[in-house]
Amino acid sequence: MDSLDSKATLTSSEHNLLNTSKPKSVVTYTNRPSREEAMKAVKTLLAWAGDDPEREGLIDTPKRVVDAYEEWFQGYAADPKKELSRTFEDVQGYDDMVMLREIDVESHCEHHMAPFLGKAWVAYMPTEKVVGISKIARVVEIFAKRLQTQETMTKQVADALEESLAPLGVAVLIDAEHQCMSTRGVHHKNVTTVTTRFTGVFKTDLSLQERFLRLAQPRK
């Protein structure tokens with residue numbers, strides 16, 4: 001079944017929820033199959049690939065794949081707003097950017113379900129409150145642990161910080177290698193994709209934007 005046919009089975013509300021780039025607490029796709037059905041689907045794919053699902057080396061593969069999917073896609077059950085809900089106002093007059101560099105990105109392309117791996121750089125200009133730095137990394141992880149496009153994920157991270165912290169501005173840069181391009185199709189290895197999102201002062205103040213981009217250079 002192609003993607004257009006599969007979307008036709010969703011209600012209008014489900015379709016909107018699954019395709020919006022706005023941050024959301026949990027994707028509630030009501031027709032989620034059971035674990036047993038998921039394992040059966042893996043077994044079918046093994047047979048379709050041309051192997052014997054009953055041979056010794058593959059007997060436990062459906063279980064392992066489903067376990068892996070639970071880990072890879074745990075972001076559907078996590079809430080970025082909750083992670084950003086606890087803030088601190090005692091910043092002793094600090095009025096410059098807060099930036100996290102080289103946050104690991106481990107996600108999966110929604111078109112081929114192939115991994116894309118890279119780094120994220122995230123900064124914001126606080127107003128009256130800041131958030132624990134680990135929470136920013138956690139927000140990146142939540143959106144990464146969903147089927148994604150890199151463009152959408154970049155915007156989702158920025159939107160989540162905007163909505164929860166009301167900062168003067170947000171900057172996000174993601175640099176990742178997509179295995180749907182390096183291991184299939186054109187087979188171009190060592191090609192990375194860079195996406196950015198600037199809001200507020202990071203968009204209007206080019207000197208601040210350039211400073212962020214300089215700080216976002218990979219460490220050697």
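Predicted model: local features only at pLDDT ≥ 70, side-chain atom pairs only at ≥ 80, totals over all residues.
Is C109 buried or exposed? At 5% relative accessibility, C109 counts as buried (buried is under 20% relative accessible area, exposed over 50%, partly exposed in between, with a 1.4 Å probe and protein chains only). Residues are numbered from 1 along each chain as its sequence is written, and side-chain values use heavy atoms, with hydrogens and water left out.

**View A. C109 and C180 are not joined by a disulfide.** The sulfur of C180 is 4.1 Å from that of C109, its closest cysteine sulfur, which is too far for a bond (a disulfide is a pair of cysteine sulfur atoms within 2.5 Å). C180 is buried too, at 14% relative accessibility. Zero disulfides are found in the structure.

**View B. Five strands make an open, mixed sheet.** Their order is β5-β2-β3-β6-β7, and the edge strands β5 and β7 each pair on one side only. Strands here are DSSP runs of E of at least two residues, helices are runs of H or I of at least four, and both are numbered from the N terminus; two strands pair if DSSP finds at least two bridges between them. Nine antiparallel bridges link β2 and β3, and E106 stands opposite L117 of β3. Helix α6 (residues 133-144) lies across β2, β3 and β5, at about 20° to β2 (axes are lines fitted to C-alpha atoms, for helices over the stretch in contact, with angles from 0 to 180 degrees between N-to-C directions).

**View C. Q148 sits in strand β5 (residues 147-148).** Its relative accessible area is 4%, so Q148 is buried. The Q148 side chain reaches the backbone oxygen of F143 at 2.9 Å. Beyond neighbours within four places in sequence, Q148 has contacts that include S107, H108, C109, F116 and M153 (contact means heavy atoms within 4.5 Å).

**View D. Helix α10 (residues 206-215) has L208, Q209 and F212 as its buried residues.** These residues lie on the same side of α10 because they cover an arc of only 100° around the axis, taken from the directions from the helix axis to the C-beta atoms. What does the buried side pack against? The buried residues of α10 meet β2 (98-109), β3 (115-125), β6 (169-178), β7 (192-198) and α9 (201-204). On the face turned away, look for the exposed residues L206 and R214.

Terms used. Polar contact = N/O pair within 3.5 Å; in protein donor to acceptor, adjacent residues only side chain to side chain.
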